[in-house]
Amino acid sequence: MRLAIAAGLALATLSAAAYAAEADKPKSESWSFDGVFGRYDRAQLQRGLKVYTTVCASCHGLRQVHYRNLVEVGLTPSEAKAVAAQKEVDEIADDGQIKKRKADLKDRFVSPFPNVQAAAAANNNKAPPDLSLIVKARENGANYLYSLLTGYGAPPADWKEDGKPKKLDTGQHYNKYFPGHVIAMSPPLTADTSVEYPKDGPKPTVEQMAKDVTAFLAWAAEPSMEDRKRTGIKVMLFLLIFVGVFFVIYRRVWKDVH
Amino acid sequence: MAMQPAPQPRWMRWVDSRLPIFGSMAHFNAYPTPKNLNYWWTFGSFAAITLVVMLVTGIVLAMHYTPHVDHAFDSIERIMRDVNHGWLLRYVHANGAAMFFLVVYIHIFRGLYYGSYKAPRELVWWFGIIILLCMMATAFMGYVLPWGQMSYWAAKVITNLFSAIPLVGEGITTWLWGGFAVDNPTLNRFFSLHYLLPFVIVGLVVMHIWSFHAVGNGNPLGIDVKSPKDTLPFHPYYTVKDVFCIGIFLLVFAAFVFFAPNFMGHPDNYIPADSLVTPAHIVPEWYFLPFYAILRATPDILFINAKLAGVIAMFGSILLLFLLPWLDNSKVRSANYRPAYRVAFWLFVIDCIVLGFCGAAAPEGIWLDISRIATAWYFFHFLILVPIIARTERPKPLPFSISEPVVKTAARA
């Protein structure tokens, strides 16, 4: 029956991994948030936030995150307020008219399009997905996202589908890691992308920006991760002691039973 | 070995003389339990504790959840981000469902190995199967509540199964949906039933426990208790053993909750439901995979089309278990004394695992062939193999009593 447990758990992995549409296996990066003791790197999250607001935010929303949450990334409340103030939100004023006001800490990240239809209309009839949960909504999330952002390139010379040579149409791009290889999103991070990075940190290369924005989106998808792992270690220690104590009691109570 | 009951305070005696509540609790304390129960017998208490955990976390989650197609997904994210320890509640609840099935499946396999379904415990077995069916319904409806892509499409696929029923199928499906598609009325009723069914399960668990407390526990030797020497009072012997084992179980449970909370989930369920985008592959949670494999493996059978046949086979695979006490009429309970049945049992375990893998794979090519063979074996096992073995096998000699083999081992040492 030990076998049955092991197999049961193996099943769970398999159910997730069984289907991979035609795409390369994502690169395996090391992340500060990996593992039992994993933490987010605040400096990296702040760089990632910059990449998101400068590049991604023109098409992708982040609506599950509120501006107030940016304090968790290490911004001061006034810095977070400044990020919010770059956007406007609608508000019903006392006279019943809809007025614009600057976004504030209490607001969700303002999405680039007023609704899904507008987003689709502006993007070849396919709305760019909201990025709040993208890292959790993809298999092997962070590695996949990083690979995707750095996986653009020219299609192979002998690229074929069903035996016939295949070509890209306008508005299509080749990406090694995207299922089916054809992606509508143009390369978001290139050598020309200019994101203002702190002087005492790493240079904003494509790889670095991809890595930072991935880390930021990993935080956006699971902001409670640090709390969870910290609590988890305490719970495991408590349970180990609990099990130890009850093992001794169990053996004592049972010692005269034959 | 019976514990001397402590003298009761006056208020307890006052209550007991009117409603013997504390007297009944004393029954549980002193309940004579076979002294040879092994660790597989602790999985029942794991299931009980998990049920309590699910009820407590579920009731609190329901305080924060919004059962509406426009708000369900966001309300879950609000729980994850803004509710105090909401992430803990939700991850405990989501992983708790998987842990519940894990321990219940092991509990059932233990019953199959040690013949726990045989006289006089047929009712224990039956209540157990009804609990399993209720768990499946509850888990399925709970999975729909976050209203992610897998939630929505699972609801669609499973409710569509009922349309396979001849004549009334379409009507039943519309009735289940509360409309002409899976939509807000469907989500609302699933929430209502998801809240109701666990309390039905609590009632069934009471019946399940009551029905073996009347006839006594089974045990690994499969022989009846002959004398008080064969038993121990439940408390403190089995209470400490169960608490120790529950600690180990909670270590495994906590490892998932805190360090791999999404390991058993599907990433697609973090995408909000979209009726216009079908996921590349719709797969249920791992604990439904063997049944999903049976559903998809079944071909057209005579005049019955594949869809209806699949539905019949899937539900049949569980309903069949009700007949097990008569399919297997061997007087010997424990597989330890049934060499042929023991082999059949392990083959059946392997078969269920294979079915699980089949359920995860796309139903085409070699996987379809394997799932058909494995499905056939599932029914062959219960309908042909087990009855034949029961009627032809020569069991090994049984020990005289529970104390006897222990005494022998002690003498040899």
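Being four residues apart in helix α7 (residues 225-254) of chain A, A:Y250 and A:W254 are separated by about one helical turn, where helices (H or I, at least four residues) and strands (E, at least two) are DSSP runs numbered from the N terminus. The model is a predicted one, in which local features need pLDDT of at least 70 and side-chain atom pairs count only at pLDDT 80 or more, whereas totals for chains, interfaces and linings use all residues. Residues are numbered from 1 along each chain as its sequence is written, chains are lettered from A and ligands numbered from 1 in the order in which they are written, and side-chain values use heavy atoms, with hydrogens and water left out.

A pair of aromatic rings is described by the distance of the centres and the angle of the planes. Over all chains, a search of the whole structure finds 49 aromatic pairs, a pair being counted if the ring centres of Phe, Tyr or Trp (its six-membered ring) lie within 6.5 Å, with planes under 30 degrees apart taken as stacked, over 60 as edge-to-face and the rest as tilted. The rings of A:Y250 and A:W254 have centres 5.9 Å apart and planes at 70°, so this pair is edge-to-face. Both A:Y250 and A:W254 are buried, that is, under 20% relative accessible area, with exposed meaning over 50% and partly exposed in between (1.4 Å probe, protein chains only). A tilted pair is formed by B:Y65 and B:F191, at 5.2 Å centre to centre and 50° between the planes. Because B:Y65 lies in the loop between α3 (43-64) and α4 (72-81) of chain B and B:F191 in helix α9 (residues 184-213) of chain B, the pair ties together parts that are 126 residues apart in sequence. B:Y65 counts as buried at 9% relative accessibility, and B:F191 likewise counts as buried at 18%. Ring pairs also link a cluster that includes B:W41, B:F109, B:Y113 and B:W346.

Charged groups are found over rings as well, the criterion being NZ of Lys or CZ of Arg within 6 Å of the ring centre and within 35 degrees of the ring normal. B:K241 lies over the face of A:W254, at 5.7 Å from the ring centre, and the charged end of B:K226 sits over the ring of B:F400, 5.2 Å from its centre.

In chain B, helix α11 (residues 289-297) and helix α12 (residues 306-319) pack at an angle of about 145° with their axes 7 Å apart, axes being lines fitted to C-alpha atoms over the stretch in contact and angles running from 0 to 180 degrees between N-to-C directions. Their contact (heavy atoms within 4.5 Å) is made by B:F291, B:I294 and B:L295 of α11(B) and by residues of α12(B) including B:V311, B:M314 and B:I318. Eight of the nine residues of α11(B) are buried, so this helix is largely enclosed by the rest of the structure. In chain A, the axes of helix α5 (residues 141-149) and helix α6 (residues 206-221) come within 9 Å and cross at roughly 145°. Here A:A142, A:L145, A:Y146 and A:L149 in α5(A) meet residues of α6(A), among them A:E207, A:K211 and A:L217.

A:P112 is found in the loop between β2 (98-102) and α4 (116-121) of chain A and is partly exposed, with a relative accessible area of 24%. A:P112 and A:S58 are 54 residues apart in sequence and 5.8 Å apart in space, C-alpha to C-alpha.
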